[in-house]
Amino acid sequence: MEEAVHLNVSGLVQGVGFRYSTKALADELGITGTVCNLPDGTVDIIAQGDAQTVHQFIEKVRACPTPAGHVTHLTSKKIAPASYNDFRVTYY
C-alpha cells in the first residue's frame, strides 16, 4: 500500500550534501517525492512509496545519509499520496 510522509529535518543538514545524499538514498530505495532546504536551516522532505520502504527511508534519513552532516531532530507526518514520478531536489 502506498504511503506518503512529510518530514522536517534539523541539525547540520545544509551545506553538507544532505539533499543530494537523500536523493541518492531515495533513488536506491525506489522512493518518490522531493527534498528542499528551508530558510530556517531545516530540510523538508516529501517521501512516498510502499509503507515498509518509507519506514526504512525515514530511519536512514534519521541516521543522516551524508557523513558530513548530523540529524538532531526529525518530525514525520503522514500525508495524502500525490503523483510523483521520481525523487527531486527542489528549491525554496
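User: Where does Cys64 lie?

Analyst: Cys64 is in the loop between helix H2 (51-62) and strand E4 (70-79). Helices (H or I, at least four residues) and strands (E, at least two) are DSSP runs, numbered from the N terminus. This is a predicted model, in which local features need pLDDT of at least 70, side-chain atom pairs count only at pLDDT 80 or more, and totals for chains, interfaces and linings use all residues. Residues are numbered from 1 along each chain as its sequence is written, and side-chain values use heavy atoms, with hydrogens and water left out.

User: What is the phi of Cys64?

Analyst: Near 75°, which is a positive value in a residue other than glycine.

User: Buried or exposed?

Analyst: Cys64 counts as buried because its relative accessibility is 14%. Buried means under 20% relative accessible area, exposed over 50%, partly exposed in between (1.4 Å probe, protein chains only).

User: On to H2. What distance separates its end C-alpha atoms?

Analyst: They are 17 Å apart, which agrees with the 16 Å that 12 residues should span at 1.5 Å a residue. The expected span is 1.5 Å times one less than the number of residues.

User: Which residues of H2 are buried?

Analyst: Thr53, Val54, Phe57, Ile58 and Val61. Seen down the axis of H2, the buried residues fall within an arc of 140°, so they line one face of the helix. The arc is that of the directions from the helix axis to the C-beta atoms.

User: What do they pack against?

Analyst: Strand E1 (2-12), H1, strand E3 (43-50), E4 and strand E5 (87-90).

User: What does the side chain of Thr53 join in a polar contact?

Analyst: The side chain of Asp50, at 2.7 Å. A polar contact is a pair of N or O atoms within 3.5 Å; within protein, one must be able to donate a hydrogen and the other to accept it, and residues adjacent in sequence count only if both atoms are side-chain atoms. Beyond its neighbours within four places in sequence, Thr53 is in contact (heavy atoms within 4.5 Å) with Leu29 and Ile31.

User: And where is Thr22?

Analyst: In helix H1 (residues 18-29). Thr22 has a relative accessible area of 0%, so Thr22 is buried. A polar atom of the Thr22 side chain lies 2.8 Å from the backbone oxygen of Phe18.

User: Which residues is Thr22 in contact with, leaving aside neighbours within four places in sequence?

Analyst: Val35, Ile45, Phe57, Val61, Pro65 and Phe87. Phe57 and Val61 are among the buried residues of H2.
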